[in-house]
Amino acid sequence: MTELANPNYLAALPEMFLAAAAAVLLMIGVFVGNRSTTALTLLSALAMAAAFIMVLVAPDERATAFGGLFVTDTFSTFMKCLVLIGASVTLIMGLGYVKREGMARFEFPVLILFASVGMLMMISANDLIALYIGLELQSLSLYILAAFRRDAVRSSEAGLKYFVLGALSSGFLLYGCSMVYGFTGATNFEAIAAAVASGGEAGAAGPIGILIGLVFIAVALAFKISAVPFHMWTPDVYEGAPTPVTAFFAAAPKIAAMALLLRVFLGPFQELVEQWEQIILFVSIASMALGALAAIGQTNIKRLMAYSSIGHVGYALVGLAAGTPEGVRGVIIYLTIYMVMSLGAFSCILAMRQKGQMVEQISDLAGLSKTNPLMAFSFAVFMFSMAGIPPLAGFFGKLYVFLAAIDAGLYGLAIVGVLTSVVGAFYYIRIVKLMYFDEPAAPLDRPIGVELSVVLAGTGIVTVLFFAYPTPVLIGAQAAAASLFP
Amino acid sequence: MIIETIVFYVFAVVTVAAGVMVVVSRNPVHSVLFLILAFFSSAGLFVLMGAEFLAMVLIIVYVGAVAVLFLFVVMMLDINFSELRAGFFQYLPVGGVVGVILLAELILVFASGAADITLPKTVASPTPPADVVSNTEALGNILYTRYAYLFQAAGLVLLVAMIGAIVLTHRRRVGVRRQRIADQVARDPKDVIELKDVKPGEGASWKSD
């Protein structure tokens, strides 16, 4: 009988709690039926809040559980908090939409809960198999959520596209994992790191085999964070999926996948930094350029947000390319601010209704400043912030990653980043111009709903006043980044 | 030893031949039958390697469930397979060229000695000697202890897959008469049976109230 060394179940308490809560809520839903959707949504958000507290009160030092399959440290604490905030806020934001658009089925909050469990497992993965299973749990829930309005053609199309391409990327990931396992003889991250540091067991051939594996893993993870050239699915899925699901895609899974990318590249493959840095450099530049240029021609606001998110991933990767603790700190700050901004922007998009119908065209926003000045103002704040205009929060996100890139001597990357953000500013500011200087189109419906107003106000205040009190985020990100560099 | 080698080659040749037949046979039902043959012979190969558990799983899961499912799909859905395969010869030259180039590249890599493939000797979970612990027991020992976390997580993935299948395909049909056992049990003969005293030669008439 093999005894499990160091089970340490307590370290995984938030995950176990969320999984159990999801199962219980699923049972309630099955027996009560779809009329329980609103209650289940609120309960799910409550469960995420409880998990959030469990993550926060857990001891801060690095601990592994389940014989090294699972790890918690300051980095995982910070990222899990972000993911849980993003997921619970999007759940609440979607309440009105889900009810109005005939999507009020009890599986919706349950699937979001399961996706969150998967994301927490990804963030805490310390083993290639744990990484894969966490990623699959999250992705599978997301495929279903994308196709949740199964009677709408575009939603089904989004789900199918996402599923087929996602399965392909999972195949790449598994292929890469098997290469790495084959050449290091380990799936555990620390053991892989040791094997890589010793040049692989097989002498000169080891690193080549490991390198091929690393490239495949990088491809799969780049797909999950929708970085160029693995971004093709993003605009279609963002446009086709129901808007609350799109908001969820933008807020939570992207952060979890990014956290996974950081942990994999800076953990087991730390020694191969010169090799993966080239990949990250290319992906980062290509994402920033495509995010800035391809968004210009868009007329659908959700497609525009998709290209914008591709660009933002590029900026966040600038910090990783630096490969220093400062760079990682920059990535974490960037992700935090990006989450707040996209939650705010999507609560505006969720409020875009004309005579009870959802509208998604950018031109529908024309003259919003006259019909709903408060919403126009906050949308303008988010757009300016995403463009990176000081003193709004988005500026600081870019500042820290570019500073880290310059410290690491990556001047070219920083210059490309600044240039593309100038180009990107064009389409963000075009929306502001449309809202403030164009003749009003048909006015959007008012009131926009309590939950959307609260989210809008909260994220707006954080975006505007971030410069006044950035210390908590800076200190948290600093500690989180430091825990990845032992 | 010599017998083992012969058996290995028999199984290996049958596996490869069946694999080829899966792709080239015109009748899809024959394809599936050859697939089952390929599974059986690979199970034989597993037994030769001393992995009897994998062999059994291959037969139970792949032959027992997956292949039979394929057979059902092939027979029940009206898919024109010859139409699907229409482009085969058209794409053959390009595909063949790509395949030859890949093969040449692989040979180059291995011939140049750049990738001297010697696999690591340490493995994550070494297989215990088969005469001490049987295969099944060894797998069970690590699956339910060391990898219990992954086992449970994989269960969650399956649960999500099940929810997904129901969410995306299940529709509540209207106008379906369901059996309500409670109602049936609660029926009382007094409410539904009426005894009439029928006089001879008159017949009975029944009028609902």
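**Spaces and packing in a two-chain model**

A cavity here is a set of points, on a 1 Å grid over the protein atoms alone, where a 1.4 Å probe fits but cannot get out; a pocket is an open set with protein on both sides within 12 Å along at least five of seven lines, and lining residues have an atom within 4 Å of a point. Grid points are joined across faces, edges and corners, and a volume is the space filled by probe spheres set on the points.

This is a predicted model, in which local features need pLDDT of at least 70 and side-chain atom pairs count only at pLDDT 80 or more, while totals for chains, interfaces and linings use all residues. Residues are numbered from 1 along each chain as its sequence is written, chains are lettered from A and ligands numbered from 1 in the order in which they are written, and side-chain values use heavy atoms, without hydrogens and water.

The largest cavity has a volume of about 90 Å³. Among the residues lining the largest cavity are A:Gln138, A:Tyr162, A:Lys224, A:Trp233 and A:Phe249. Helix H12 (253–266) of chain A, together with H6 and helix H10 (233–240) of that chain, gives two or more residues to this lining; helices are DSSP runs (H or I, at least four residues) and strands likewise (E, at least two), numbered from the N terminus. H12(A) provides the largest share, 3 residues. By class, the lining has 7 nonpolar, 1 polar and 2 charged residues, where Ala, Val, Leu, Ile, Met, Phe, Trp, Tyr, Cys and Pro count as nonpolar, Asp, Glu, Lys and Arg as charged, and the others, Gly among them, as polar.

The second largest cavity holds about 70 Å³. Of its 15 lining residues, A:Gly311, A:Tyr315, A:Gly424, A:Tyr427 and A:Tyr428 lie nearest its centre. H19(A) gives the largest share of that lining, 5 residues.

Now turn to the largest pocket, with about 600 Å³ of space. The pocket has 21 lining residues, and A:Ile129, A:Ile133, B:Leu143, B:Tyr147 and B:Leu150 are those nearest its centre. Helices H6 (128–146) and H7 (153–184) of chain A and helices H6 (135–143) and H7 (148–169) of chain B each give two or more residues to its lining. That lining comprises 16 nonpolar, 5 polar and no charged residues.

What about the packed interior? The largest nonpolar core has 194 residues, and A:Met79, A:Phe248, A:Phe269, A:Leu317 and A:Leu320 have the most contacts inside it. Such a core is a set of buried Ala, Val, Leu, Ile, Met, Phe, Trp, Tyr and Cys residues joined through side-chain atoms within 4.5 Å; buried means under 20% relative accessible area, exposed over 50%, and partly exposed in between (1.4 Å probe, protein chains only). The most residues in this core, 16, come from H15(A).

A:Ser342 also sits in helix H15 (residues 325–350) of chain A. Its relative accessible area is 1%, so A:Ser342 is buried. Beyond its neighbours within four places in sequence, A:Ser342 is in contact (heavy atoms within 4.5 Å) with A:Ala250, A:Ala251 and A:Met386. A:Ala250 and A:Ala251 are among the buried residues of H11(A), a helix (residues 243–251) with 9 of its 9 residues buried.

Finally, chain B has 9 helices and 0 strands, and 20% of its 209 residues count as buried. In helix H7 of chain B we find B:Ala148, which is partly exposed at a relative accessible area of 25%.
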